[in-house]
Amino acid sequence: MHSLLADLELSWYPTLTELGWFAPELALVGTIVVILVAPLILGRSALRSARIAFVGALVTLLLACNLVGQVSTGGLSGLAPEAAAGMLILDKLTILVKVIIMLFLAGVTALWVLGSSAKEEFGEEFFVLMLGSALGMSLMTSTLNLLMIAVAIEAASLPSYSIVAFDKRNRKSAEAALKYVVFGGISAAIMLYGISLIYGMYHTLNVVAIGEGLARDLAAGTNTVLIGMSLFCVLGGIMFKIAAVPFHFWCPDVFEGAKIEVTTWLSVASKAAALVLLLRLVDAFGNGALAAGESILTYNGLAWGIGILAVISCTWGNFAAYRQNNVKRLLAFSSIAHAGYMMMLGAVFTLPGSSTSGKPMAALLLYLIMYAIMNLGAFTVAAIVSWQTKSEDVSAFSGLGRRAPWLAVPMVCCLASLVGLPPFGGFIAKYWLLLALGSKSAETTLGTLYWFLIIMAVVNTLISLFFYFRIIRAMFLSDDQQPEFRPPFFGTAMANLCAVLLVLFGVVMLNGPKDLAYRYASDLYMPARYLTKQVDSSDAALVATEPTPEVGVATAGGAR
Amino acid sequence: MLTIGLMHYLILSAAIFCCGVFVMMTKRNAIGILIGVELVLNSVNINFIAFDRYSLVPGFDGQITALFVIVLAAAEAAVAVAICMNLYKNINTIDVDRGDALHG
């Protein structure tokens, strides 16, 4: 087999080791196949496909964890014909985000079993689409190639459009899906146009090499308008997935129209993947400036742009949330605001080296984890309430403190955490975010921007206090004597688990292992500059030259 | 005798891009908007292939990307048309302005 392929002069094909690096994605694909084939043999059963999806998510998670050993420091750039920079990157950051996404997928699957498994007849199709979008998202977190970025975003988007429209007889769901697909199609097309312009300027799709070229051009002042336009197009496509202002128009409508499980899924997973992608991209640009020997402030404009969009997202999300009566819409605007907080870190990542200095990376990951937990908890309670009362309004929560205290208490924890109050996890997440912004504020001329971001984050936290408390007020202070209801046991358990985790994180991380976390976060990321190392194609040693022996980066090209 | 060069292709692609954006902004019919998206994607393909053909650096990245873009466009059209049909079944129109059950 080996020699046959060699005779065909195939320049590259994956070895088993390299396929092993791809194992989590392969496991997801395998799960999809199993879900599709199982009904042919065993007959259709929505519940069974949910179980298969749950197990598949956990297997993917384990396979991802299994790879941690292979990427001791830095990471691998693999699965590519060129040795220099692969289509896919494997580093601890990718693995960690995959773990977060898979855990969240398992949680959403459990939520679906609670709510829809009894009446849903197309469970197989639902989970095929769900896992398909998870596959796209996990690819989004692990690439620095513009073609792969476009493909991964589409791979995450197309199934998402379909699962939003899944409730076929529901008019709202049909409209939401139309809005989603129209906005998504437009932003994807414009992003591709931006990519084509960038390709024309630098004749490469590798973001690191592009970053160098951009830095040179920006420093020399050539092509500035063209660069600004094409970067806006590309980043716009990514911010569409994050749902940052001004690319957020789809978000509230889609969140309201979709089933609540789908809303939960979209609110965290697609944002997390797109944020990691954005930060990788921005970091690669910063490192490109370093590699090109230009000033690290070449990307000042980019940092300001991202910072200001982040602030607008926060403020707009928080103010618009006031007018909402529908809980899903309210949480949609809340998710826009939280995306804004996390995007503030994008302004930090434009400084080269900030991705490996620990603080910003630790802040981002802690925020993502906390956000996933508190959103899962809040949406679980909202889902149970809406299933029991057949209403998604804030008023449906009235008297919940009396009617179902075991739901009301975790909801308070999750909402307080979304605001960012101690002693919950959300407080620690925001605190670390501010620390990360503050840590860079003294270093460069970007200090003004970072102080501005810090102030706006604090002000926005205050603004957000009130609309989250509307739900809490409805639960405890207003009671229209509606009948009690008995919430399902597993749903209550899930909501309470989220609340307990939030408290645990909030208490433990407050004074606890901050330095440890920073140290751990500092080698999560494969610095983009390693990706540009040219590896001689005849060189089978496959290890890029590094000053320290333990910092080795294997590239796939040599591993034939 | 006029020789066709990179600039001609770029102007063609920019013109198609502008047409596409214009269609996307003015059409109310969802299918019309999708046609605008397809126009933009075609301008992307022209760009990629022209850049590859006239580049001094050898490489096929652009042509391969164009193939991927064609596939992405087809996949997206399939999903989008299915969603339009679903909407038509529900409210008997695919006019995006008439979708007003969600106020956003």
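Biologist: Which residues are linked in a network of salt bridges?
Modeller: Lys172(A), Lys179(A), Asp253(A), Glu256(A) and Arg329(A). A salt bridge here is a side-chain nitrogen of Lys or Arg within 4 Å of a carboxyl oxygen of Asp or Glu. One caution: this is a predicted model, where local features need pLDDT of at least 70 and side-chain atom pairs count only at pLDDT 80 or more, while totals for chains, interfaces and linings use all residues. Residues are numbered from 1 along each chain as its sequence is written, chains are lettered from A and ligands numbered from 1 in the order in which they are written, and side-chain values use heavy atoms, with hydrogens and water left out.

Biologist: Is Glu256(A) buried or partly exposed?
Modeller: Buried, at 6% relative accessibility. Lys172(A) is partly exposed, at 29%. Buried means under 20% relative accessible area, exposed means over 50%, and partly exposed is in between, with a 1.4 Å probe and protein chains only.

Biologist: How many salt bridges over all chains?
Modeller: Eleven. One of them joins Glu25(A) and Lys98(A), at 2.9 Å from N to O. Glu25(A) sits in helix α3 (residues 23-42) and Lys98(A) in helix α5 (residues 92-115), 73 residues apart.

Biologist: What are the relative accessible areas there?
Modeller: Glu25(A) has 3% and is buried. Lys98(A) has 4% and is buried too.

Biologist: And what does Arg44(A) meet in a salt bridge?
Modeller: Glu124(A), at 3.2 Å, N to O. They are 80 residues apart, with Glu124(A) in helix α6 (residues 123-140). Glu124(A) is buried at 4%, whereas Arg44(A) is partly exposed at 49%.

Biologist: Switching to rings. How many aromatic pairs over all chains?
Modeller: The count is 22. Rings of Phe, Tyr and Trp (its six-membered ring) pair if their centres lie within 6.5 Å; planes under 30 degrees apart count as stacked, over 60 as edge-to-face and the rest as tilted. Among the pairs is Tyr161(A) with Tyr180(A), edge-to-face, with 5.0 Å between centres and 85 degrees between planes.

Biologist: Which helices do Tyr161(A) and Tyr180(A) lie in?
Modeller: Tyr161(A) lies in helix α7 (residues 146-164) and Tyr180(A) in helix α8 (residues 171-202), so the pair ties together parts 19 residues apart in sequence. Tyr161(A) is buried at 0% relative accessibility. Tyr180(A) is also buried, with 0%.

Biologist: Why is the pair of Tyr180(A) and Phe240(A) called what it is?
Modeller: Its planes are at 35 degrees and its centres 6.1 Å apart, so it is tilted. Phe240(A) is in helix α10 (residues 224-242), so this pair ties together parts 60 residues apart. Phe240(A) is buried, at 4%.

Biologist: Which residues form one aromatic cluster with them?
Modeller: Trp250(A) and Phe255(A), along with Tyr161(A), Tyr180(A) and Phe240(A).

Biologist: Last topic, charges over rings. What lies over the face of Tyr341(A)?
Modeller: Lys430(A), at 4.4 Å from the ring centre. The cut-offs are NZ of Lys or CZ of Arg within 6 Å of the ring centre and within 35 degrees of the ring normal.

Biologist: And over the ring of Tyr54(B), what sits there?
Modeller: The charged end of Arg53(B), 5.2 Å from the ring's centre.

Definitions and conventions. Helices (H or I, at least four residues) and strands (E, at least two) are DSSP runs, numbered from the N terminus.
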